[in-house]
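I opened this entry to record what I looked up, one topic at a time.

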Amino acid sequence: MTAQNPNSYRNQPDDRGHFGQFGGRYVAETLMPLILDLEQEYRRAKADPAFQAEFDDLLEHYVGRPSPLYFAPRLTEELGGAQVWFKRDELNHTGAHKINNCIGQILLAIRMGKTRIIAETGAGQHGVATATVCARFGLPCVIFMGATDVARQAPNVFRMKLLGAEVVPVTAGAATLKDAMNEALRDWVANVHDTFYIIGTAAGPHPYPELVRDFQSVIGKEARAQMLSRTGRLPDLLVAAIGGGSNAIGLFHPFLDDPSVKMLGVEAAGHGLDKEHAASLAGGRPGILHGNKTYLLQDEDGQILEGHSISAGLDYPGIGPEHAWLKESGRVEYTSVTDTEALDAFQLLCRTEGIIPALEPSHAIAAVKKIAPTMPKDAILLANLCGRGDKDIFAVAEHLGVSL
Amino acid sequence: MSARLSAAFAKGHAALVCFVTAGDPTPDATSAILDALVEGGADVIELGMPFTDPMADGPAIQLANLRSLGAGTRTADILRIAKDFRARHPDTPLVLMGYANPMTTRGPEWFADACADAGIDGVICVDIPPEEDAELGPWLRAKGISPIRLATPTTDAARLPAVLDGSSGFLYYVSVAGITGKQSAALDSIEQAMTRIKATATIPVAVGFGVRTPEQAGPIARVADGVVVGSALVDLVAEHGVNAAEPVRKLVSALAEAVHSARKEVA
């Protein structure tokens, strides 16, 4: 069993929710008993075949899994190096990987007898996914969203409302994702008796980073089996974009103990690492925010800085704690690409493969564009196409100087 | 634990604990406000360390944090304010209240040393529960500074000993599950909680969250060892800015009258 192997990269966190020095449970006392309950219930659910069966059934028939594993012939030819493959999680119901986690968490909420769901959202993808599962299960849903994001993501706000969610604009701070998360935590503290908080990424207090990773690991488990079945071998390199890091940890985790598989996480370098960006690993240092210890963008006094990325989904000053640990352990490499590089990659994929990617995976594609040409032609590179770009066409048009 | 904190809860009446945010509205204005708290009759001063992301606080204290940071308040300013306070008021206990990241960002040893140097008696770190005590607690205790923990309506009897273990000075009972400055708890629920907590706690218990007026504070002072008032004072600072000292002194004076004259039934 992997769990007993001291040399495994797959047995984190420890029983107190720590990934090395990262992770943990840094929350107000009001939430502690709830977090401990959630952990207990998650342990029971994980061991319950009926829970797993219901999760699998919903993923197959509601989300549309397994998502395809796709070899990209024209992009491969254009880059002239490694074979480029994509895990097509953008084909999921609601258009991104976020729904995998929401299905798992709402099943947990129902198990715990909670009757009201809250969530934070940045670009609105996690908000839409949460509103979707709430509609599917008939639970009231409140989504906290920074007022700035409400204004710039109007289509997703409308989607959430169509799905029956209440969208609460948050005006505190810079009125973006981190402020939405603060406000969701405030609501949760005041409504612990009936409310379940569906966190959208592999961050927050233990057990969230673990359970979000486990629910998202369906991506890597499928990809590993599909790749073995299609090519008879494992990929040489995995690439995924990172904001909080849930799609990346979902792809990476099932491969962590395959030593031949290298991994690359791609942060958002925004206008450049010497300017405004959202690359917590490249430009931050360890600290404590939103319930966990991890790399954060912060000043010397520990005040949190605003992240910037063209992709609202990567625009967060922290990163999931398991990524912080994987960086320090050296198992995963991390790099970053700028807004401009992501925009170029967005257009490249549209043109070569007929796929409009979201701006988040466009960061992964930008990294692929740099690395694939340096790899031999028999090498296999697998990138996570974690979301589709319908939501981003307005932002992209604006950046390209096109008025719609 | 600090002799000043022990003495504050051994005056034969309930202690009035008053909170304001350091650097609100400006670092230079804080000292006069702190003096007004002491003159008004506060027994313990809680000085809030501003943070960009105060997720346990309601709108009043969130805005105070933003005003303070907007005025350029740095950690060094807060420590200087505390040290100057200690020089002016050698006997009034001073407690820092805030969030983990600004407290631990230069390392727990640095922070504990800085607190000791500034004459700080206790530290309330909202987002370090007992489970993560190793992050800061041992360093504070080594310097004789009290880690002051929060207990809430969700802290049941099974959990309470863990909350008390390693804490000293006083226990801060958050009377409502929620954020600062919103609703207040019914008196009978506070009374029940005090009975429950006092069965286990050997340190004084102060009650806070939602306490704004002398009329609310008095009855609580009959069943608790201390009463914490924060958002109501912060609102006065918001309203009066650099001229807040006088209105703050008046409210504290009325609160102190109510708290100090309430007969404690529970020893």
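**Salt bridges**

I counted salt bridges over all chains and got 46. This is a predicted model, so every value here is computed from it.

I then picked out one pair inside chain A. A:Lys46 forms a salt bridge with A:Asp214, and the closest N and O atoms are 2.8 Å apart. I checked where the two partners sit. A:Lys46 belongs to helix α1 (residues 32-46) of chain A and A:Asp214 to helix α9 (residues 208-216) of chain A, so the pair ties together parts that are 168 residues apart in sequence.

**Second largest pocket**

I met the two partners again here. A:Lys46 and A:Asp214 are among the residues nearest the centre of the second largest pocket, along with A:Tyr42, A:Gln52 and A:Lys221. I noted 15 lining residues in total. Which elements of chain A give two or more residues to this lining? They are α1, α2 (49-63), α9 and α10 (218-231). The largest share, four residues, comes from α2(A). By class I found six nonpolar, three polar and six charged residues in the lining. The volume of this pocket is about 330 Å³.

**Largest pocket**

I read off a volume of about 430 Å³ for the largest pocket. Its lining has 22 residues, and A:Arg152, A:Gln153, A:Ile310, A:Ala312 and A:Ala395 lie nearest the centre. I traced at least two lining residues to each of α6 (147-152), α7 (154-162) and α16 (393-399) of chain A. α16(A) gives the most, with four residues. The lining splits into nine nonpolar, six polar and seven charged residues.

**Cavities**

I searched the whole structure and found eight cavities of 30 Å³ or more.

The largest cavity holds about 380 Å³ of space. I listed 30 lining residues, with A:His97, A:Lys98, A:Gly313, A:Leu314 and A:Glu360 nearest the centre. Chain A elements that each supply at least two of the lining residues include β5 (116-121), α5 (125-137) and α15 (359-371). I sorted the lining by class: eleven nonpolar, 15 polar and four charged.

The second largest cavity has a volume of about 320 Å³. Its lining has 33 residues, and those nearest the centre are B:Asp57, B:Met97, B:Tyr172, B:Thr180 and B:Phe209. Among the chain B elements with at least two residues in this lining, I noted β2 (44-48), α3 (59-70) and β3 (94-98). The class count here is 17 nonpolar, twelve polar and four charged.

**Where chain B touches chain A**

I found 36 residues of chain B in contact with 36 residues of chain A. How much area is buried between the two chains? It is about 2,900 Å², and carbon and sulfur atoms give 47% of that. On the chain B side, B:Met55, B:Asn101 and B:Glu132 lose the most area to chain A, together 20% of what that side buries.

I counted six salt bridges between the chains. One of them joins B:Arg74 to A:Glu300, with the closest N and O atoms 3.3 Å apart. I also counted 26 residue pairs in polar contact between chain B and chain A, both residues at pLDDT 80 or more.

On the side of chain B that touches chain A, the elements giving two or more residues are α3, α5 (100-104) and β6 (150-151) of chain B. α5(B) gives the most, with four residues. I logged the classes of that side as 17 nonpolar, ten polar and nine charged residues.

Terms used: Residues are numbered from 1 along each chain as its sequence is written. Chains are lettered from A and ligands numbered from 1 in the order in which they are written. This is a predicted model: local features need pLDDT of at least 70, side-chain atom pairs count only at pLDDT 80 or more; totals for chains, interfaces and linings use all residues. Side-chain values use heavy atoms; hydrogens and water are left out. On a 1 Å grid over the protein atoms alone, a cavity is a set of points where a 1.4 Å probe fits but cannot get out, and a pocket is an open set with protein on both sides within 12 Å along at least five of seven lines; lining residues have an atom within 4 Å of a point. Grid points are joined across faces, edges and corners, and a volume is the space filled by probe spheres set on the points. Ala, Val, Leu, Ile, Met, Phe, Trp, Tyr, Cys and Pro count as nonpolar, Asp, Glu, Lys and Arg as charged, and the others, Gly among them, as polar. Contact means heavy atoms within 4.5 Å. Buried area is the accessible area (1.4 Å probe) that two parts lose on being put together, summed over both. A salt bridge is a side-chain nitrogen of Lys or Arg within 4 Å of a carboxyl oxygen of Asp or Glu. A polar contact is a pair of N or O atoms within 3.5 Å; within protein, one must be able to donate a hydrogen and the other to accept it, and residues adjacent in sequence count only if both atoms are side-chain atoms.
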